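Hi there,

Here is the structure I promised to pass on to you. Have a look at it first, and my notes follow below.

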Amino acid sequence: MNDNVTGIILAGGESSRMGMNKALLNVGGKKTIERIRNIMAPLCEEVMVVSDESALYHFLQVPITNDIFPGKGPLAGIHAGLSASKNEWNLVAACDMPLIDQAVIKVLAAEANEHPEADVILPAPAGKDQPLCAVYNKRSLSVISEALKNNELKLQQVFSQLQVAKVTEEQARGYGLSGWGRSFYNMNYPEEYDYICKILADGDF
């Protein structure tokens, strides 16, 4: 899939609930954002980071782009990444989801091939949408841009104007994946970070 997909890592947000920058926390011997970069890189033609603090992420040696609509949350990060991407399909992942793995990415890419008309391939493990670990088609930019201009920042509101193909738990099992919900676990609080560190230390993932 790496000839036509861009990996976009969202490294915005204040990490206020964690008390420190989530992207730079150590998980399994790597910084969280570095781990996500390493997972994406073999499957994507290019990987980029969206952040207004570019100096923090130069060590990743990937392009870094800034928000065009600063201060408008994750939707602005998705917009910035899609705007800078050279590819039609784009894997977007937040920087606080270090348990995502390549098998999940491959399922999302396969679903993009199954639904070329879709604007968003949206995983929904256990019925819960995961818009910050999803595949976006660049044609969704016009709707996203308009939403940002109108200060409509809720992703679900934007999705109502796009063609969305959801990937359910049952569909994931059809690809041989079980329990994939854990791949979308994100860490906002210190105890959630501790949980992820324990999983990786135990070799449980």
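Predicted model: local features only at pLDDT ≥ 70, side-chain atom pairs only at ≥ 80, totals over all residues.

A pair of aromatic rings is described by the distance of the centres and the angle of the planes. For Tyr136 and Phe159, the centres are 6.3 Å apart and the planes stand at 40°, so this pair counts as tilted. Tyr136 belongs to strand 8 (residues 133–137) and Phe159 to helix 5 (residues 155–159), so their pairing ties together parts that are 23 residues apart in sequence. Both Tyr136 and Phe159 are buried.

Trp180 and Phe184 form an edge-to-face pair, because their ring planes are at 85°, with the centres 5.0 Å apart. Trp180 and Phe184 are both buried as well.

Another ring worth a look is that of Phe59: the charged end of Lys31 sits over it, 5.5 Å from the ring centre.

Now to the largest pocket, which holds about 880 Å³ of space. It is lined by 38 residues, and the closest to its centre are Gly12, Gly13, Pro74, Ala94 and Leu132. By class, the lining comprises 16 nonpolar, twelve polar and ten charged residues.

Which element gives the most to that lining? Helix 2 does, with three residues. This helix (residues 73–84) has twelve residues and spans 17 Å from its first C-alpha to its last, close to the expected 16 Å. Its buried residues include Leu75, Ile78, His79 and Leu82.

Enjoy exploring!

Best wishes

Technical notes
Residues numbered from 1 in each chain as written. Heavy atoms only, no water. Phe/Tyr/Trp six-rings, centres within 6.5 Å; stacked < 30°, edge-to-face > 60°. Helix = DSSP H or I, 4+ residues; strand = E, 2+ residues; numbered from the N terminus. Buried < 20%, exposed > 50% of the residue type's maximum accessible area, 1.4 Å probe, protein only. Lys NZ or Arg CZ within 6 Å of the ring centre and 35° of its normal. Expected span 1.5 Å × (residues − 1). 1 Å grid on protein atoms, 1.4 Å probe; cavity = no way out; pocket = protein on both sides within 12 Å on 5 of 7 lines; lining within 4 Å. Points joined across faces, edges and corners; volume = space filled by probe spheres on them. Nonpolar A, V, L, I, M, F, W, Y, C, P; charged D, E, K, R; others polar.
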